[in-house]
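Thanks for passing this one along. Below are my notes, as numbered points to read beside the model.

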Amino acid sequence: INQIAFSSAEEFVKKFKTKTEAEQNAIIGHFGLGFYSSFMVSEKVEIKTKTYKKGGKTKAVRWECDGSPEYSLEEIEKKDRGTEVILHIDEENKEFLEEYKIKELLNKYCKFLPIPIQFGTEKVHEPIEGEKDKDGNQKTKEVEKPFIVNNTNPLWKVKPSDATDEDYKKFYRELYPYTFDEPLFHIHLNVDYPFNLTGILYFPKLTTNMDVQKDKIQLYQNQVFVTDNVEGIVPDFLQMLRGVIDSPDIPLNVSRSYLQADGAVKKISSYITKKVADKLSSLFKNDREGFEKKWNDIKIVIEYGMLSEPKFFEKAQSFALYPTTNDVYYTFDELREKTKAAQTDKDGNLIILYANDKEEQHGFIEEAEAKGYEVLLLDSPIVSHLIQKLETEGEKVKFARVDADSIDKLIQKEDTQISKLSEEEQTKLKTYIEEVVPKEKYSVQLEAMDSKSNPFIITQPEFMRRMKEMQQTGGGGMMGMGAFPEMYNLVVNTNSELMQKILKAKGKRTEYISQALDLARLSQNLLQGKEMTDFIKRSYELMKS
């Protein structure tokens with residue numbers, strides 16, 4: 001106690017080289033510095049101690065210090081062997097004398113220490129041997145027993161083959177007593193070469209919210225709690241998981257940059273990534289139906305991992321899923337095989353259609369499906385980044401949101417529609433429409449489409465929209481793209497019967513164009529406030545005429 005850091009770090013390391021590996025790993029508590037943190041909350045600290053050894057010096061000793069370089073040391077009478085450390089808490093830290101505060105600290109820092117820690121007593125009912133009541137029930141008696149606050153043999157120290165599913169669920173509740181959802185599945189980490197690492201990671205039910213709390217994985221060293229911030233140790237995309245990792249090979253109290261450069265930490269991070277990928281692959285192969293049901297709860301982790309870890313991206317190709325708007329799940333290879341015949345354009349590119357909201361984009365989805373196309377439902381906040389990655393990795397693969405243009409333009413074939421309007425009629429039509437439609441917001445484009453398609457379709461170019469989305473979710477977008485004004489294409493179907501009506505109309509021409517525009521805006525959720533009110537009034541007026 002008196003010889004703080006009794007030897008230099010260099011001497012310490014030399015001394016421990018002669019020890020066994022287990023002794024070398026037990027580094028915590030050997031420098032004598034941790035004890036002096038007691039003076040952060042105490043005005044005085046006493047230690048009363050008596051050796052367990054027989055003979056020789058059997059007198060007890062009392063040490064006292066107020067945190068200054070001065071201390072007192074004297075012999076005292078003490079009946080039982082052992083050591084008492086008594087902290088005289090100062091006025092500013094009286095909260096540390098409150099029972100709830102002590103329990104809170106013990107629960108956080110001592111929950112799994114390998115030596116039993118008692119905090120008071122608890123009353124329990126024990127069976128009375130050989131005694132039953134008149135109904136044949138076992139009689140019990142109330143006894144007072146030491147209240148042990150810690151679990152000295154946590155589940156991560158148990159061999160995976162010796163633990164049951166119920167054991168893992170019980171341990172999860174022990175780690176997170178205020179969490180009511182059961183974990184989806186677990187991954188038991190257990191390796192002793194080329195580094196030592198044990199632990200259990202749990203996949204909880206996750207939303208598509210990227211702001212998921214990332215301080216749920218607890219780091220221990222030989223069952224001593226270190227931190228719940230595992231940044232630099234656990235890959236970033238896996239910090240959304242929960243659980244425990246325990247390793248004597250992870251350096252303590254060092255910067256993130258040091259951790260990222262440390263060889264052992266790199267190996268540990270790679271191992272954790274591999275174990276997670278292997279577990280996901282196994283779940284997919286052994287129970288695809290069950291994996292598909294869990295997909296929405298785990299996809300944000302997998303998609304994030306595919307973006308941030310190249311090795312995980314490679315492994316994920318076999319189990320990452322791409323659901324359609326009709327709840328059919330494909331792997332990427334299955335999707336290519338399913339869509340290549342119908343969705344390959346005239347330039348040989350496979351066009352993969354997707355939506356991010358089934359309700360808002362229902363009309364566009366319906367039109368695409370009517371042509372026999374598959375439409376994916378990709379609704380995570382990082383989907384723009386993900387499809388950019390997939391396009392880069394895949395040969396002649398392009399993604400297009402189903403409302404990015406008319407369906408015939410999204411997947412262009414050799415055969416093109418012929419317009420029913422002459423060039424002169426098209427010029428007049430465009431002039432009439434541009435007189436009504438706000439130029440600062442819409443770019444008018446005339447296209448010959450199926451006569452059954454909508455007269456007006458509002459789209460946003462795939463590139464522009466994707467870059468804006470990528471900037472909003474951080475990185476990948478073009479600088480300043482998020483601040484660009486909202487610009488849309490107004491695609492006019494020249495083969496729609498409404499175009500003839502607009503060309504021939506005089507008094508109602510403006511009303512027809514405004515009504516068609518507002519219907520298109522309504523389909524894109526762009527009609528609000530006064531514009532919505534005007535649309536409703538105009539609808540009633542047109543019904544009267």
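1. Asn222 is partly exposed, with 30% relative accessibility; that term covers the range between buried (under 20% relative accessible area) and exposed (over 50%), using a 1.4 Å probe and protein chains only. Asn222 sits in the loop between β9 (217–221) and β10 (224–227). Its phi is positive, about 55°, although Asn222 is not a glycine. Most residues other than glycine have a negative phi.

2. A word on the source: this is a predicted model, where local features need pLDDT of at least 70 and side-chain atom pairs count only at pLDDT 80 or more, while totals for chains, interfaces and linings use all residues. Residues are numbered from 1 along each chain as its sequence is written, and side-chain values use heavy atoms, with hydrogens and water left out. Helices (H or I, at least four residues) and strands (E, at least two) are DSSP runs, numbered from the N terminus.

3. Lys396 also deserves a look. Lys396 is not a glycine, yet has a positive phi of about 55°. The loop between α11 (383–393) and β16 (397–401) holds Lys396, and at 42% relative accessibility this residue counts as partly exposed.

4. Please check the peptide bond between Tyr193 and Pro194, which is cis, with omega about 5°. Pro194 belongs to the loop between β7 (185–191) and β8 (197–203). Most peptide bonds are trans.

5. How many cavities of 30 Å³ or more does the structure hold? There are two. A cavity here is a set of points on a 1 Å grid over the protein atoms alone where a 1.4 Å probe fits but cannot get out, and lining residues have an atom within 4 Å of a point. Grid points are joined across faces, edges and corners, and the volume is the space filled by probe spheres set on the points.

6. The largest cavity has about 50 Å³ of space. Its lining includes Trp295, Lys299, Glu303, Leu321 and Asp379. Helix α7 (residues 288–308) gives the most to this lining, with three residues. By class, the lining has five nonpolar, one polar and three charged residues; Ala, Val, Leu, Ile, Met, Phe, Trp, Tyr, Cys and Pro count as nonpolar, Asp, Glu, Lys and Arg as charged, and the others, Gly among them, as polar.

7. Phe313 lies in helix α8 (residues 310–316) and is buried, at 6% relative accessible area.

8. The second largest cavity has about 40 Å³ of space. Among the residues that line it are Phe364, Glu367, Val402 and Ile457. Four nonpolar, one polar and two charged residues make up this lining.

9. Helix α13 (residues 423–436) has 14 residues and reaches 21 Å from its first C-alpha to its last, close to the 20 Å expected at 1.5 Å a residue; the expected span is 1.5 Å times one less than the number of residues. Which residues of α13 are buried? They are Leu429, Tyr432 and Ile433. These cover an arc of only 95° around the axis, so they lie on the same side of α13; the arc is that of the directions from the helix axis to the C-beta atoms. On the other side, Glu423, Glu424, Thr427 and Glu435 are exposed.

Methods: 1 Å grid on protein atoms, 1.4 Å probe; cavity = no way out; pocket = protein on both sides within 12 Å on 5 of 7 lines; lining within 4 Å.
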